[in-house]
Amino acid sequence: MNERDTLKINLAGHLEIGGCDCVDLAEKFGTPLYVFDEKYIRDMMRIYKNTIDGEYGGNGLVLYASKAFSCKAVYKIAAQEGIGVDVVSGGELYTAISAGFPADKIYMHGNNKLDRELEYAVEVKVGTIVVDSYSEADILNDIAAKAGIVQNVLIRINPGVEAHTHAFVQTARTDSKFGFSISDGTAENITQHVLAKSNLKLKGYHCHIGSQIFEKQSFVLAVNKCMDFIAHIKNATGFEADTLNMGGGFGIWYTDEDAKINVEGYADYLKALLNAVKAKSKELGLKLPYVLIEPGRSIVGEAGITLYTVGAIKDIPGIKKYVAIDGGMFDNPRYALYQSKYSALIANRANEECTEKVTIAGKCCESGDIIAVDVPMPKAKRGDIIAVLSTGAYNYSMASNYNRNFVPACVLVKDGKANYIVKPQTYEELVRGDVVPDYLK
């Protein structure tokens with residue numbers, strides 16, 4: 001366990017998060033249950049913001065990446081901490097706006113934004129939209145013209161840096177649905193296209209080199225390539241970008257195969273990136289750009305855990321032992337998608353010695369419904385509470401009602417208090433959208 005002061009084993013031998021005993025949480029709120037540590041979320045937002053303020057003169061902005069975990073409460077926290085957010089859909093945008101988040105600090109992404117999403121973004125006065133296609137630039141220019149505004153935009157570029165991560169989440173290769181490649185000239189061509197639009201104001205560029213990255217050099221290399229491109233465009237067109245968004249991708253701890261980085265350690269990743277920007281700006285004779293970063297996973301990933309109750313246990317001698325839980329791929333599809341690895345423990349017997357390795361299986365009618373494999377544990381019993389760690393990012397966000405199971409509720413914990421931030425679903429809500437045509441009645 002990547003221990004910290006708000007995630008620990010208490011004197012009762014139970015896992016505790018944010019001062020709340022996980023056994024008590026399971027009893028009060030039921031399982032499956034997503035639990036988020038508010039202090040950790042705020043600490044992560046602050047370390048990034050303070051690093052930009054201290055190392056870069058405040059000439060930048062942290063953007064919380066909504067796709068990691070989106071709900072009204074997290075936007076309230078982000079607003080209180082003085083950071084911005086990025087959104088990738090009309091739904092995320094609506095959630096942020098409905099939470100009262102300031103629209104001028106919202107950046108909107110997406111490789112295929114719908115017309116209605118662009119119209120809504122302009123309507124609510126989103127600060128900046130990241131353009132990712134020629135047609136989008138054309139459509140957005142028309143929407144902005146009808147609204148009588150000039151919309152700030154960035155262009156997503158592809159620097160050709162391949163981060164060392166899972167192939168399915170690499171996003172900066174030449175062959176990617178995201179962005180325009182620097183190497184083949186398409187990034188320069190789209191720049192010319194956007195600069196010609198009277199109702200779009202090009203502020204600069206955005207790139208994202210992947211996810212779950214632990215190597216600082218990957219970010220440094222991406223900075224160098226982006227800054228070289230900015231210099232090339234300045235020489236070719238006279239346009240000098242004043243904004244550079246370097247995306248996110250900072251890795252987190254899931255298992256002991258991953259590095260254990262404390263909150264302050266993430267400042268080192270950002271410092272390396274910022275120092276590369278400063279050095280390259282000086283080398284190329286460019287002004288220091290306004291730097292944006294988009295950490296999402298590293299802000300909420302380790303802040304979240306998921307609690308489950310053990311049900312059936314199936315031991316196949318010499319093969320495998322399955323410990324079934326009341327959740328599954330409907331609340332965490334990441335193993336099914338990426339074979340993502342997780343750490344877990346029995347929350348009500350957290351200090352007991354691990355005596356076996358088990359596979360944690362879900363309740364879905366699906367052979368691939370697995371949460372984690374080869375997890376060291378004490379001998380599990382029906383009714384035990386299992387805590388799967390580091391589930392704050394891309395778990396609730398990717399959850400579904402598969403097999404018409406409920407998407408679990410979310411609670412926020414701090415100083416021994418727990419409050420709903422996403423309420424539990426009901427059967428009535430599951431069928432709310434169902435309609436029976438008259439001829440079937």
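This report describes selected helices, strands and loop residues of a predicted model.

## Basis of the description

The model is predicted, and local features need pLDDT of at least 70, side-chain atom pairs count only at pLDDT 80 or more, and totals for chains, interfaces and linings use all residues. Residues are numbered from 1 along each chain as its sequence is written, and side-chain values use heavy atoms, with hydrogens and water left out.

Helices (H or I, at least four residues) and strands (E, at least two) are DSSP runs, numbered from the N terminus. Buried denotes under 20% relative accessible area, exposed over 50%, and partly exposed in between (1.4 Å probe, protein chains only).

## Helix α1 and its ends

Helix α1 spans residues 22-29, and its buried residues are C22, L25, A26 and F29. These residues lie on the same side of α1, because they cover an arc of only 100° around the axis; the arc is that of the directions from the helix axis to the C-beta atoms. An α-helix has 3.6 residues a turn, so residues three or four places apart point the same way. The exposed residues E27 and K28 are carried on the face of α1 turned away from its buried side.

At the N-terminal end, D21 caps α1, with a side-chain oxygen 2.8 Å from the backbone nitrogen of V23. A polar contact is a pair of N or O atoms within 3.5 Å; within protein, one must be able to donate a hydrogen and the other to accept it, and residues adjacent in sequence count only if both atoms are side-chain atoms. After α1 comes G30, with a positive phi near 80°.

## The open sheet β1-β2-β3

Three strands form an open sheet in the order β1-β2-β3, with antiparallel pairing. Its edge strands, β1 (7-9) and β3 (20-21), each pair on one side only. Two strands pair if DSSP finds at least two bridges between them. Three bridges link β1 and β2 (residues 15-17) in the antiparallel sense, and L7 is positioned opposite I17 in β2.

## Parallel strand pairings

Strand β11 (residues 200-206) is mostly covered, with five of its seven residues buried. It runs parallel to strand β9 (residues 151-158), to which six bridges join it; L154 has G204 in β11 as its bridge partner. Strand β12 (residues 243-245) is also parallel to β11, through three bridges, and N245 in β12 is the bridge partner of H206.

A parallel pairing over two bridges also connects strand β7 (residues 106-108) with β8, where Y107 stands opposite T128. From strand β8 (residues 128-131), T128 and V130 point one way while I129 and V131 point the other way, and all are buried.

## Helix packing

Two packed helices are described by the angle between their axes and the distance between the axes. Axes are lines fitted to C-alpha atoms, for helices over the stretch in contact, and angles run from 0 to 180 degrees between N-to-C directions. Helix α4 (residues 90-98) packs with helix α5 (residues 115-123) at an angle of about 25°, the axes being 10 Å apart.

For helix α2 (residues 38-55) and helix α9 (residues 265-284), the axes come within 10 Å and cross at roughly 30°. Helices α2 and α9 are therefore also roughly parallel to each other, but α2 passes α9 in a right-handed crossing.

## Backbone features in loops

Most residues other than glycine have a negative phi, and most peptide bonds are trans. The peptide bond from T31 to P32 is cis, with omega near -5°; P32 belongs to the loop between α1 and β4 (33-37).

Q212, which is not a glycine, has a positive phi near 60°. This residue lies in the loop between β11 and α8 (216-237) and counts as buried, because its relative accessibility is 15%. S390 is likewise not a glycine and has a positive phi of about 55°. Its loop connects β19 (385-388) and β20 (409-414), and S390 is buried, with a relative accessible area of 3%.

Technical notes. Parallel < 35°, antiparallel > 145°, perpendicular 65-115°, else oblique. Left-handed = near helix turned anticlockwise from the far one by under 90°.
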